[in-house]
Amino acid sequence: GKGLGAIPSSTVGYEKRFNPALQFTDEQAFVDYILSEQPEAPTYFAVMKRVNKVGPTVLGDNKLPDALDSNDLPGIVHEQMVIDTSDATSFARAHVPGTINVPMKYLAAWAGWLVDYERPIYLLTSRKELPEATRILQKIGIEKIAGYFVPGKVKAAGLRTQSYVNQKPKELAVKVENGEVTLIDVRGESEWAESHIQQAQRCFLANLPEKLKEFDGDCSLVFQCRSGGRSAIAASLAKAAGVQNVVNMSGGIVAWTKAGLPVVQGTSEVHGPDCSASTSEAACQ
């Protein structure tokens, strides 16, 4: 919700006096206020509406997903979504091509944005974390968990053959400013409006899978968010989509600003440049 209060209960009288939304006398002004600066709505919200109306699936004594043979992973990853819940640093260093990285601490916040609820998914996670990962996904209505792969066995099978690069803002600044790479800011609209890097294109993380289809595989893409967590997820999505030259900006715009690099502040251009394939020629060679 937008602007939820901290008090546990309220009264009509209190809200009429102090709620900003109830101070309007003009209908259109009220509507404009309510709709402004709304956070993006996760895919899960549509599912939640249906579940609230017709009721949830009764899972009963639902057992955990079965462990699968690592040799089956390369085939499955071409057809279905495989979520690797390992930390972003480890994933960047080495991962299975085609898998996407949503670390455990981000699973509740981002799985509902990225998962197709109508298709089965698979997990690449430890036996220790499997119960919690399963609980988190089921809690937001993701019930089609078809199985999981054990990280140690996947590593032993030599399947972690892909990687991407993490670089600090000062290492990237010249390339960004010269247009040698395409910088994609995956934050939300309100964050972008507060401040952003001049050369960045804004593409909200949840919209990235569709937009990545527009980029040539040889493009050089740098992903950036506030501090580096969401952009690491974005980097994994880009690698899974076949983009070869992928960089995650370590520390995000916070580190960029601390390094004394320039940003655009307080812009009224909330949406920003669309994330599209209109990149510089140098960035896509």
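Predicted model: local features only at pLDDT ≥ 70, side-chain atom pairs only at ≥ 80, totals over all residues.
## The largest pocket

The largest pocket has a volume of about 700 Å³. It is lined by 25 residues, and those closest to its centre are Val77, Gln80, Met81, Gly98 and Ala240.

Sorted by class, the lining of the pocket comprises 16 nonpolar, 4 polar and 5 charged residues.

## Helix α6 against helix α7

Helix α6 spans residues 104-114 and helix α7 spans residues 130-139; they pack at an angle of about 15°, with their axes 9 Å apart. Because angles under 35 degrees count as roughly parallel, α6 and α7 are described as roughly parallel to each other. The crossing in which α6 passes α7 is right-handed.

On the α6 side, the contact is made by Met104, Leu107, Ala108 and Ala111, while α7 contributes Glu132, Ala133, Ile136 and Leu137. Of the residues in this contact, 7 are nonpolar, none is polar and 1 is charged.

## Helix α6 against helix α12

The axes of α6 and α12 come within 12 Å and cross at roughly 45°, which makes α6 oblique to α12. Here too, α6 passes its partner α12 in a right-handed crossing.

Tyr106, Trp110 and Leu114 of α6 make this contact with Gly229, Arg230, Ile233 and Leu237 of α12. By class, the contact of α6 with α12 holds 5 nonpolar residues, 1 polar residue and 1 charged residue.

Methods:
Residues numbered from 1 in each chain as written. Heavy atoms only, no water. 1 Å grid on protein atoms, 1.4 Å probe; cavity = no way out; pocket = protein on both sides within 12 Å on 5 of 7 lines; lining within 4 Å. Points joined across faces, edges and corners; volume = space filled by probe spheres on them. Nonpolar A, V, L, I, M, F, W, Y, C, P; charged D, E, K, R; others polar. Axes fitted to C-alpha atoms, helices over the stretch in contact; angles between N-to-C directions. Helix = DSSP H or I, 4+ residues; strand = E, 2+ residues; numbered from the N terminus. Parallel < 35°, antiparallel > 145°, perpendicular 65-115°, else oblique. Left-handed = near helix turned anticlockwise from the far one by under 90°. Contact = heavy atoms within 4.5 Å.
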